[in-house]
Amino acid sequence: MHFGVLFTVALAFSVGLVVGCALWSLWRARATCEPKKEIARRLPLTPFQCFLACFFIGGLLVFFPAYLATGEGHWLIRGLRAVFSALYSTVRLFLAEGDLEVMELAMAGVPADFSFVGRLYLLYATALTAVAPVMTAGFVLSFFKNFSAFMRYTLSRARSVYYISDLNETSMALANDIFDKHQGGRPLIVFFNVFDSEDAAGAELIDQAHDMGAVLFSKDITEIGLGRRRATRKLYFIAPSDDENVRQALTLIGRAREVQALNTPDTEFYVFATSVESEALLDAVDNGHMRVRRVNEKRNLVMGALLDYPIFDTSLTVDGYRQLNVLIVGSGSYGDEFLKSICWCAQLPGYRVSLHVIDRIADARERLAATAPELIAGSGKQIAGEPYYELHFYPNVDVKTDAFAKTLGGLGPLTAAFVTLGNDELNIEIAMRLRAELGRLQQSRGYAVPHIFSVVYNTVKTDTLAQCGGLKSLGKESYGITFIGDMRTRYSLAVIEQRTLEEKGLDIHLAWLSHEKEQIVAAGGTAAEIDRKIAESREAYEKFEYYRRASIATAVHVEVLKKLGLHLPTGTEQAVLEHNRWSAFMRAEGYVFDSAARSHIAKTHPDLKPFAGLGEREKAKDDVAAKREG
């Protein structure tokens, strides 16, 4: 081969490789949008490591033609010697012992036509010689940084360790709550997928993590050992992507299940995911004795609101009933969750509920009917022994137009309102406008302004308003707006883990079997078979999310009844009320009536019918559940 051409090709490839990798590494390091982040997480090397590897290859490409041009003997021997000599010289380059003598010697034999390429070649080789030692220093610092994190993690004496799969605003809120609430020594908090960031927000998160003594790894959470000597291990999969969270969780569940020291109830997995697929996958995986929970942030927010805020405290007297008229502005995921939950939670003695949904989309009713057909079909139907509620949809209404005010004027007096438009700024703006509109409408009709709840994620905004006594006009008159769903509350341990509610739910879940055991013992029989069924039922509660979700809904209903100070009716009326609540909940879950089959796959149930049509055993179950609520 003409060595002038060889030098030209080698120079072109080396420059292209190093410059291209430098630009790509910069792009990856600065990745801010979600697709780029996902690519960055899946690649095995950090941006710096990738650039260093390509820099090394670039050095090999530069040295190889020089040694090939100055070598002697058979072409195979000369080629092998050139490869090993180039490798040796490139290593020396990084150790600040680079020697360009072979380059200069090779350039002497390059034809005059390629003299310009020769000068560029020497200039480029000189630049590599100058930069390589700096790269070595960076690699050493990076190595010791990762080594330091590994040693801190390995040698820590903390009995409890919290693994958090990603460092972001939400995971930092969780870490702060862990740090504040942990008892019995300082917790060990370990973050993964942490890369140096030039972005101010990213750098601040890293500083906060360092301040709390957290260990930071650039590795994926699946690439680290869980440590067998820990007393408690909690893993939180909290990246923005549901798929990524589920993938990581399934990988580690399978790995930990095979280790006896890890396969215990003290190893806990919390997977942030809302998709139907995620529930199916986490229910299907064999989690051994470990605690595995899917964290549905939207459902948690709504359940918390039902428990903590006065949604049902105000009502109107209509036809002898306490009438609840609830407005929901925005029919997105939060709005739909509020609508479905209020339908079953408002099945209260002496109460009736109407829900009004305003949205600018045209098919809000149809979209909800696709996931909960009988919830929509049952609206407004007064059937003895079945839940009663009314659903009203107002499509094609832009909240920033006069049509919004006109729609409000036709709703009648309201008792509560929710603003769930999916954006903090818009939620606050529309909540304020809603308060102004209702202030005129309600007062002109002789009614009090209802409670207004607006979903606001930003903790700084909610803290500021709380410290100032709430949102006020000109510093005096209160708007009467409650902001719910702030990041700090939503990502607290109590909300994520739901220990108290799960314990209450388990008691409710086992109520019927416990009742049967009491009956058998009272009749002088043995209860061994019931004990076995209770154990199996407890295992099912731990394993399948459906059982926990259904029982927790009952527990929430119990707490709402207590908070309102309601006295339940007795006997059949009490059982009917529980059946109505259960039926509304099942409809909200998407179940439909089928006289022949009960299927959690097809979502059919033979008991979704009036109370009078139930068998005696099913009526007795409602009676036991109602007594448990009382």
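These questions and answers set values from a predicted model against the definitions behind the words.

Residues are numbered from 1 along each chain as its sequence is written. In this predicted model, local features need pLDDT of at least 70, side-chain atom pairs count only at pLDDT 80 or more, totals for chains, interfaces and linings use all residues, and side-chain values use heavy atoms, with hydrogens and water left out.

Q: What makes residues 188–191 strand β2, and how do you know which strand it joins by 2 bridges?
A: Strands are DSSP runs of E with at least two residues, and helices are runs of H or I with at least four, both numbered from the N terminus. Two strands pair if DSSP finds at least two bridges between them. Strand β2 and β3 are joined by 2 bridges and run parallel, so they pair under the rule of at least two bridges. In this stretch, Val 190 is opposite Val 215 of β3.

Q: How do you know that strand β1 (residues 160–164) pairs with β2?
A: There are 4 bridges between β1 and β2, which run parallel, and the rule asks for at least two, so the strands pair. Here Tyr 163 stands opposite Val 190 in β2.

Q: What is the order of the 6 strands in the open sheet, and why are β3 and β6 called edge strands?
A: The order is β3-β2-β1-β4-β5-β6, with parallel pairing. The strands β3 (215–216) and β6 (291–295) each pair on one side only, and these are the edge strands.

Q: Which residues cover the two faces of β2?
A: Leu 188 and Val 190 lie on one side, Ile 189 and Phe 191 on the other, and all are buried. Buried means under 20% relative accessible area, exposed means over 50%, and partly exposed is in between (1.4 Å probe, protein chains only).

Q: Why is the contact of Glu 497 and Lys 234 called a salt bridge?
A: A salt bridge is a side-chain nitrogen of Lys or Arg within 4 Å of a carboxyl oxygen of Asp or Glu. The N to O distance between Glu 497 and Lys 234 is 3.2 Å, which is within 4 Å, so the pair counts. Glu 497 lies in helix α19 (residues 493–497) and Lys 234 in strand β4 (residues 232–237), so the pair ties together parts that are 263 residues apart in sequence. Both Glu 497 and Lys 234 are buried.

Q: How many salt bridges does this rule give?
A: The count comes to 31 salt bridges.

Q: How do you know that Glu 589 and Arg 299 form a salt bridge, and are these residues buried or exposed?
A: Their side chains meet at 3.5 Å, N to O, and this is within 4 Å, so the contact is a salt bridge. Glu 589 is in the loop between α24 (572–588) and β16 (592–593), while Arg 299 is in helix α11 (residues 297–308), 290 residues apart. Glu 589 has 9% relative accessibility and therefore counts as buried. Arg 299, at 17%, also counts as buried.
Glu 589 and Arg 299 belong to a network of salt bridges whose members include Glu 279, Arg 294 and Glu 337.

Q: What makes Asp 402 partly exposed and Lys 406 exposed?
A: Asp 402 has a relative accessible area of 47%, so it is partly exposed. Lys 406 has 62%, so it is exposed. These two residues form a salt bridge, with the closest N and O atoms 3.5 Å apart. Both lie in helix α15 (residues 402–409), 4 residues apart, about one turn of the helix.

Q: Why is Gln 498 called buried?
A: Gln 498 has 16% relative accessibility, so it counts as buried. Gln 498 lies in the loop between α19 and α20 (499–509), and its phi is near 50°, a positive value in a residue other than glycine.

Q: Why is Lys 603 called partly exposed?
A: At 31% relative accessibility, Lys 603 falls between the limits and therefore counts as partly exposed. Lys 603 is found in the loop between β16 and β17 (604–605). Its phi is positive, about 60°, although Lys 603 is not a glycine.
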